[in-house]
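Subject: Structure for you to look at

Hello,

Please open the structure below and keep it on screen while you read. My notes on it follow.

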2 protein chains.
Amino acid sequence: MVQRVTLSDVAREAGVSLATASRAINGSADRSVRPELVERVTEAAARLQYTPDATAQAMARGRTTTLGLLVHDIADPYFSAIAAAVVRTAEAEGLQVSLATTQNDPAREAQLIDLMRRQRARAVVIAGGRSAGERSDALAESLAALGRQGVGIAAIGQPVPGVASVAVDNRGGAAALAASLLDLGYRRFAVLGGPTDRVTARDRREGFLDALGDRGSVASSVETAFTWEGGHRALLRLAQDGVLADVDAVVATNDVMALGALAAARELGLGVPQDVALAGFGGISTLRDVVPTLTTVTVPMDELGVRAVRLALGDQGDVVESVGCDVVIGGSTPDLRGA
Amino acid sequence: MVQRVTLSDVAREAGVSLATASRAINGSADRSVRPELVERVTEAAARLQYTPDATAQAMARGRTTTLGLLVHDIADPYFSAIAAAVVRTAEAEGLQVSLATTQNDPAREAQLIDLMRRQRARAVVIAGGRSAGERSDALAESLAALGRQGVGIAAIGQPVPGVASVAVDNRGGAAALAASLLDLGYRRFAVLGGPTDRVTARDRREGFLDALGDRGSVASSVETAFTWEGGHRALLRLAQDGVLADVDAVVATNDVMALGALAAARELGLGVPQDVALAGFGGISTLRDVVPTLTTVTVPMDELGVRAVRLALGDQGDVVESVGCDVVIGGSTPDLRGA
DNA sequence: CTGAAAGCGCTAACAC
DNA sequence: GTGTTAGCGCTTTCAG
């Protein structure tokens, strides 16, 4: 039933040696094969429905054509957008993508890195932020072991020490958002800051606050879960504390939090933007269908994926590329100056 | 620099034979090893930071621990939800997921199946609908070759001939939707039917129409692209043709089309549901943030993924499991009977 | 319970 | 240009 056809079968069928068959089929670099023989081998292969065994090739060549991709959660639109870019780019390089999800668990992350090492992945791309004070010794060690093996590694989102990274300019984006909102006439803000220990959230929060300077003020900056529910709860709390009445705009450190806040505002009978303006961060594509359109800072997910693959496949070194973000003003933060 | 540690190194370090080291580390089924030696080997492995080479194991054992997953587009929320379930389930079975995207190209699909065969994948899950009249000879042949090799295969969405499948009951769901809308008092419908040759779209359209019977009528059933733009354009056209005024509700054969239609209605200054009611199909999670909440038929993406993996890993046979869909009534189709 | 040795399917020196 | 052959790192009979 499981009658595998091997290269020797093809060689025999074509009446050539194993080596010739191998060269004919994959076109080895140095040695070349007479066209006539190539044809004979190709035909024999087709006749027998031969498929090269990638595991055997990997073994003989000492390297695979697998690129490992680690994300927190592939169902998250941020990661799935990145994954799409990674898959596309990897395929263009003739690589297969081995996908694993870390569930935002640092221990698991290290474990999966080890798994990639076992698989002899050609390169590995790690997406997704980590916590600031996180004990990442295990991760660092796994990464080091991986790198020592000659595996290309790239991190997406926030730089990982010692690893080529393509970082999102969260600070810059947040600063640009602050500037835009100030320009539109907003002065008093509430910030849904996300988890305090999360680098991405922190950068966005601080970037916003710093850029505000003395041109604006922050009535409240609350710690929240980095989720829809986090944003939802936070807004309810702000309303309950009476802070909301005193605020021009609520700024969330990511889009899904902003959407949660939007839902909460609606539940409270508050209009967005009439009663409170709202901005997010991330630029996930599904925002398209939300009304009012959400003011946000777009992160170029596609570019992150593409560049990470290139980085992982290139000369390693401790590069940190940075990609910029763009402010997109939507209906959720109308121009106050006209009023 | 790339000094790989092999099992022989470990064996030497532990002072045992290669065979014993192998048995000690992976705990081979039949033969067992004296605990003391196991410990010595384990320690040696740890000391040398030994990692088994998965490609070599695959080669020696004749099988990999890879599960191939084929989707049209991993950035699509439908597929990313399925992928999340597949990855989770596969990991629980100790399998790695090799992800590839077909870009909705049948030729590419066959090609990727061949690739999975080369990779000696243990099992393959194919998600995503195909066209009805599609020349799928290449696909069928590739699948057959794969199956002959003993690789478990499962298809998600619509059954593939000769392949274990977990199908979505699109007809039933559409019929249930029709019944619900009729109950709510809707009578005249416009259907955004999707591409006529696409099985999924066709089943939903026909299921809806059949269930309507003589209790309702269809003013218009238009062919559209299965995308946001498709829904958008279709609604504009309906409005232009004056059909919309004559219709109680617009029913789209998938959610993103419904969202496109929603956007188009807004552009035309039409209120949903005041001026026209709207329903979709699919139940993608990002609908949560759309106002009004969209009436839709939810497809259990997670269950699809989980069951497909089980199917692919189980006894093959020509099984077709079917998963049901649930109608969820939202604000986009209010109860007309009160009015 | 342990070891020696024969492969798994392919590539890459190395000869001819 | 083509063929021979020695591995790649591991598992697994088969002897002991």
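Helices (H or I, at least four residues) and strands (E, at least two) are DSSP runs, numbered from the N terminus. With that naming, H2 and H4 of chain A and H2 and H4 of chain B each supply at least two residues of the surface near DNA strand C.

The model is predicted, so local features need pLDDT of at least 70 and side-chain atom pairs count only at pLDDT 80 or more, whereas totals for chains, interfaces and linings use all residues. Residues are numbered from 1 along each chain as its sequence is written, chains are lettered from A and ligands numbered from 1 in the order in which they are written, and side-chain values use heavy atoms, with hydrogens and water left out.

DNA strand C

A residue is near a strand if one of its heavy atoms lies within 4 Å of it. DNA strand C is surrounded by 28 residues, and the closest are Leu7(A), Tyr50(A), Thr20(B), Arg23(B) and Arg34(B). Of the atoms of DNA strand C that come within 4 Å of the protein, 61% belong to sugar and phosphate.

Some individual atom pairs can be named. A polar backbone atom of Ala60(B) lies 3.5 Å from a base oxygen.

DNA strand D

Around DNA strand D there are 28 residues, of which Thr20(A), Arg23(A), Arg34(A), Leu7(B) and Tyr50(B) come nearest. Sugar or phosphate makes up 60% of its atoms within 4 Å of the protein, and bases the rest. A polar backbone atom of Arg34(A) is 2.6 Å from a phosphate oxygen of DNA strand D. For Ser22(B), a side-chain N or O atom is 2.7 Å from a phosphate oxygen, and for Asp53(B) a backbone N or O atom is 3.3 Å from one.

The two chains

An open sheet of 12 strands, with mixed pairing, has the order E11(A)-E5(A)-E4(A)-E3(A)-E1(A)-E2(A)-E2(B)-E1(B)-E3(B)-E4(B)-E5(B)-E11(B). Two strands pair if DSSP finds at least two bridges between them. The edge strands, E11 (320-323) of chain A and E11 (320-323) of chain B, each pair on one side only. In chain A, E1 (residues 66-71) and E3 (residues 123-127) run parallel and are joined by 4 bridges. Leu69(A) stands opposite Val125(A) in E3(A).

Backbone details

Most residues other than glycine have a negative phi, and most peptide bonds are trans. Arg120(A), not a glycine, has a positive phi of about 55°. The bond joining Val272(A) and Pro273(A) is cis, with omega about 10°, and the one from Val291(A) to Pro292(A) is cis with omega near 0°.

Regards

Terms used
Polar contact = N/O pair within 3.5 Å; in protein donor to acceptor, adjacent residues only side chain to side chain.
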